[in-house]
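I opened the notebook to keep track of what I looked up in this fold.

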Amino acid sequence: MPLKYGDGIDDIGVGSSVNNSTLQIFFYDGNGNLLKILSKTGGYDSHMRPVTRLQNGNIVVSEGSGYSRDPRGYAVFNYNIGNEIWYYDVVPAHAITSIVDMDKDGKDEIIASNGNLKQYILDYNLNVLSNLDLKGYIELVNDIDGDGNLEIVISDGPTIRVLEGNLNEKWNYKCWQRYNKHYSL
Ligand SMILES: [Ca+2]
Ligand SMILES: [Ca+2]
């Protein structure tokens with residue numbers, strides 16, 4: 001994940017798999033110097049990685065695990081102190097997030113999914129703004145019909161669905177078979 005920390009040069013955040021019950025994210029500057037380590041404990045098959053940096057400098061983190069089930073959700077870390085300040089469990093697994101200002105209030109929302117069960121829109125403190133019991137992985141977030149409002153495109157394989165910003169379904173298209181994923185916008 002490239003991050004800017006005020007010096008105009010991208011810094012780099014790298015996640016890790018668990019090592020002796022410890023999960024870590026390493027931040028390096030553009031010259032490879034280690035700047036910061038964020039860490040927490042996790043189960044024997046867990047991992048975590050940085051998703052993005054919030055405007056206040058905190059880091060949104062994606063955390064996953066297999067049979068150990070610890071952790072499996074999204075978190076926010078205080079970059080300066082290095083500790084986890086928020087955690088939201090989206091059992092049983094989680095997919096790629098998009099972070100955009102969905103409702104145009106000037107603050108980013110986190111578009112999250114656990115793929116098989118549920119879709120979520122979280123605020124920047126990981127409070128749930130909307131959720132929907134609907135299967136599907138988030139493919140992209142964009143204004144695909146050009147009306148000025150963002151849509152969320154999800155798919156569960158045979159069906160592509162387009163959701164509005166409040167997670168209401170706009171339309172869906174059944175492909176009836178697994179398609180070769182390719183999106184371009
Ligand atoms: Ca917003
Ligand atoms: Ca739109």
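**Entry 1: the five-stranded sheet.** I began with an open sheet of five strands, ordered β3-β6-β7-β8-β9 and paired antiparallel. Its edges are β3 (16-17) and β9 (84-89); each has a single partner strand, so one side of each is left without a neighbour in the sheet. For my own record, strands (E, at least two residues) and helices (H or I, at least four residues) are DSSP runs, numbered from the N terminus. Two strands pair if DSSP finds at least two bridges between them.

**Entry 2: ground rules.** This is a predicted model, so I noted that local features need pLDDT of at least 70 and side-chain atom pairs count only at pLDDT 80 or more, while totals for chains, interfaces and linings use all residues. Residues are numbered from 1 along each chain as its sequence is written, and chains are lettered from A and ligands numbered from 1 in the order in which they are written.

Entry 3: I followed β8 (residues 73-77) to its partner β9 and found five bridges in the antiparallel sense. Across that pairing, Tyr-74 stands opposite Tyr-88 in β9.

**Entry 4: the whole chain.** How many helices and strands does the protein chain have? I found zero helices and 17 strands. Of its 185 residues, 28% count as buried. My cut-offs here: a residue is buried if 20 or more other C-beta atoms lie within 10 Å of its own, exposed if 12 or fewer, and partly exposed in between, with C-beta atoms placed from the backbone. Next I looked at contacts between residues at least 6 apart in sequence, and 27% of these join residues at least 24 apart. Two residues are in contact if their C-beta atoms, placed from the backbone, lie within 7 Å.

**Entry 5: the core.** Which residues touch the most other members of the largest nonpolar core? Of its 28 residues, they are Ile-59, Val-60, Val-61, Tyr-74, Phe-77, Ile-111 and Ala-112. Elements giving two or more residues to this core include β4 (22-28), β6 (47-53), β7 (59-64), β14 (137-142) and β15 (151-155). β8 gives the most, with four residues. A nonpolar core here is a set of buried Ala, Val, Leu, Ile, Met, Phe, Trp, Tyr and Cys residues joined through C-beta atoms within 7 Å.

I then picked out Val-61 and listed its contacts, not counting residues up to four places away in sequence: Ile-25, Met-48, Pro-50, Val-51, Tyr-74, Ala-75 and Phe-77.

**Entry 6: the four-stranded sheet.** I moved on to an open sheet of four strands in the order β10-β11-β12-β13, again with antiparallel pairing. β10 (98-100) and β13 (128-133) are the edge strands, and each pairs on one side only. From one strand to the next, the twist averages 15 degrees; axes are lines fitted to C-alpha atoms, for helices over the stretch in contact, and angles run from 0 to 180 degrees between N-to-C directions.

Is β12 largely enclosed or open? Four of its five residues are buried, so β12 is largely enclosed by the rest of the structure. On one side, β11 joins β12 through four antiparallel bridges, and Ile-111 has Ile-121 in β12 as its bridge partner. β12 and β13 are joined by five bridges. There, Gln-119 stands opposite Leu-132, and Leu-122 has Val-128 as its bridge partner. These two strands form a hairpin with five residues between them, and Leu-126 in the turn has a positive phi of about 65 degrees.

Entry 7: Most residues other than glycine have a negative phi, and most peptide bonds are trans, so I checked for exceptions. Asn-20 has a positive phi of about 50 degrees; it sits in the loop between β3 and β4 and is exposed, with 6 other C-beta atoms within 10 Å. Arg-69, in the loop between β7 and β8, has a positive phi of about 60 degrees. Arg-69 is partly exposed, with 14 other C-beta atoms within 10 Å. The loop between β7 and β8 also holds Pro-71, and a cis peptide bond joins Asp-70 and Pro-71, with omega about -5 degrees.
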